[in-house]
Amino acid sequence: MAIKTILYKHLKSSTTRTSTSANASPWNQSLFTYLQTLRSGSFPNAFAFPFALKSCAVLSLPTTGKQLHGHVIKTGCLFEPFVQTSLISMYGKCFLIDNARKVFDENPHSSKLMVCYNALISGYAFNLRVKETVSLFSEMREMGVEINGVTLLGLIPICGLPGNLELGMSVHACCTKLGFDADLSIGNCLLTMYVKCGEIDSARKLFNDMPEKGLITWNAMINGYAQNGLANNVLDLYREMKSTGVSPDPITLVGVLSSCAHLGAHSVGREIEQQIKVCGFGSNPLLNNALLNMYARCGNLVKARAIFNGMPVKSVVSYTAIIGGYGMHGQGEIATELFDDMIRTGIRPDGTAFVSVLSACSHAGLTDKGFDYFGMMQRKYGLQPGPEHYSCMVDLLGRAGKLNEARELIESMPAKPDGAVWGALLGACKIHKNVELAEVAFERVIEHEPTNIGYYVLLSNIYTEAGNLEGILGVRVMMKKRNLKKDPGCSYVEFNGRVHVFFAGDRNHPQTEEIYKTLDELEILFKDLDKLSKNGRERRTEESINGRGVHSEKLAIAFGLLNSTEGSEIVVIKNLRICVDCHLFIKLVSKIVNHQFVVRDASRFHHFRNGLCSCKDYW
């Protein structure tokens, strides 16, 4: 009776400890029911153990699970198939996979039972033990044990880990050979596997070939596109999903909102907000955070702030999103006020929140405030600054023209600086025209990111401004040797609910003739503005209006002017950092037309009005 007393005390302690979690209540109830059985003086039978063991797995109570294992042995239920399966599964979910294997090996009947193999395969996969998972599956087939859908559902997830695509394709072939290719759950699992491996075309082919598609199927494909940066595909697929009559859930809408944020698809995002209300998802914190982020990244800070203010409960994620939004728009003072407010409300900032506020300080030039937060990380919250925090600080010092201090900060880092840190210094060197330090930063950055074309372009631009033709040629030779080509720049403008995409030199748009005519007319007006801006430091490079040199943001601006009313705001989203010439071009346009232009590039938002930009020419 001693084991019963020990188990009773341990179970009582465990269940009391976990009963505070509302989400865990069904599993707590299962353990309480087991306790009541012990209190009554009865020993539980084989039917009671699977529920209790599963509760231990869900609540992550390995010690309680071990005690139950002892009780299983005491009651003589060890060799009951479903009890043994529950023990294997419990140990696997509690990260005691070697214990699970021991349970499997100690029962001579395990090698003949499909349910035992399935539990152990799932356990190995859950613990990311690829070799053992595949080996056990092979053993199962050699032993002639029947394979069912549960077997494959346990095996396929391990194939989504990096480097396992070939294994995944083999398992896919096995599914087809065994006749499981039409099974919806297996199809969904394979689809998710291809998405995780980055094989988005294979995922779409599988999606198209599936005879039946459930909500999970649509979500897997939509979020697969979203995770791989294919935002246009997300919106197209979402429209297709709606046309089939499948209703979205919060997971669907989060994926769509992230793509709206990526593209700047403001009106589509507003439609999703209405859909959220219609579906009754308005209190979902995940969706509210996604909405907040979408509006901020689409340039609508007023709406983003209204959503934030309306949240009944604000988490560190909510604060991080709104702080990041204000930071991207260059409104660092408001961002820091929100960060301080978050701390006053008792919410503990994490590393990501500090990245947001440090970035906001950088964009707004709040050097002292940035150093205060940087010091606060470790001193007050015990957070070790990572490369992403140092990158913000280097950018902050660079904005202030303190390039030597920025280099000293990099050299003082406890860990080896990564490419982003040296890249921040390289960007600062461009602004302050420090060619010598730029060459040092470039040498370091390509050690970490030798194929990042952006850094080569940045150094080439530095040489161009310095009139260093030899340097420009050297960069081109390096790029040619490494077979590097500049990523195509593209810009997005939303009009009447549709996102219009432009590439450099684009002539595929239905309004191409009018767009280029508008650019010609603007050039004539610029000449009337003395061709140069008054401060003498800004020069426009000659760019053929009718040739391939016309950058995508210029085409997007011209399209916006053609299709908007006077005085309206024109929002352009650029996938790369805006170049000096285009930045000056938009400043000049804002001087001669009655519009505000909002441009989001890879770095931040730029608000142009009356010939000025909110970034103050530092980006």
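A: A definition comes first: two strands pair if DSSP finds at least two bridges between them. Helices (H or I, at least four residues) and strands (E, at least two) are DSSP runs, numbered from the N terminus. This is a predicted model, in which local features need pLDDT of at least 70, side-chain atom pairs count only at pLDDT 80 or more, and totals for chains, interfaces and linings use all residues. Residues are numbered from 1 along each chain as its sequence is written, and side-chain values use heavy atoms, with hydrogens and water left out.

Q: Fine. In the hairpin of E5 and E6, which residue takes a positive phi?
A: Asn 610 does, with phi near 55°, and two residues lie between the strands of that hairpin. Strand E6 covers residues 612-613 and pairs with E5 in the antiparallel sense over two bridges. Within this pairing, Phe 608 has Cys 613 in E6 as its bridge partner.

Q: And on the E4 side, how many bridges join E4 to E5?
A: Four bridges join them, and the two strands run antiparallel. E4 spans residues 596-600, and Val 598 is bridged to His 607 in E5. These strands also form a hairpin, with four residues between them.

Q: Is E5 mostly covered or exposed?
A: E5, residues 605-609, is mostly covered, as four of its five residues are buried. Buried means under 20% relative accessible area, exposed over 50%, and partly exposed in between (1.4 Å probe, protein chains only).

Q: What is the order of the strands in the whole sheet?
A: The six strands form an open sheet in the order E2-E1-E3-E4-E5-E6, with mixed pairing. E2 and E6 stand at the edges with a single partner strand each, so one side of each has no neighbour in the sheet.

Q: What about E1 and E2, how many bridges there?
A: Six bridges join strand E1 (residues 490-495) to strand E2 (residues 498-503), and the strands run antiparallel. Cys 490 stands opposite Phe 503 in E2. The two strands form a hairpin with two residues between them, and Asn 496 in the turn has a positive phi of about 55°.

Q: Switching to helices: at what angle do H25 and H26 pack?
A: The angle is about 155°, with the axes 8 Å apart; H26 covers residues 435-448. H25 is therefore roughly antiparallel to H26. Axes here are lines fitted to C-alpha atoms, for helices over the stretch in contact, and angles run from 0 to 180 degrees between N-to-C directions. Angles under 35 degrees count as roughly parallel, over 145 as roughly antiparallel, 65 to 115 as roughly perpendicular and the rest as oblique.

Q: And how do the axes of H25 and H27 cross?
A: The axes of H25 (residues 419-432) and H27 (residues 453-466) come within 10 Å and cross at roughly 20°, so these two helices are roughly parallel to each other.

Q: New topic: how many disulfides does the count come to?
A: The count comes to zero disulfides, a disulfide being a pair of cysteine sulfur atoms within 2.5 Å. Cys 175 is in none; its nearest cysteine sulfur, that of Cys 174, is 6.1 Å away. Cys 175 is buried, with a relative accessible area of 0%. Cys 260 is in no disulfide either, and the nearest cysteine sulfur, that of Cys 298, is 6.7 Å away. Cys 260 is also buried, with a relative accessible area of 0%.

Q: Which residues does the UniProt "repeat: PPR" annotation cover?
A: According to the unreviewed UniProt entry, that annotation covers residues 113-147, 183-213, 214-248 and 315-349. UniProt positions are given in the numbering used here, feature names are shortened, and annotations may be inferred rather than shown by experiment. Residues 183-213 are 74% helix and 0% strand, with end C-alpha atoms 10 Å apart. Residues 214-248 are 74% helix and 0% strand, with end C-alpha atoms 11 Å apart.

Q: Where is Val 195 found?
A: Val 195 is found in helix H11, residues 184-196, and counts as buried at 8% relative accessibility. Val 195 and Gln 227 are 32 residues apart in sequence and 8.5 Å apart in space, C-alpha to C-alpha.
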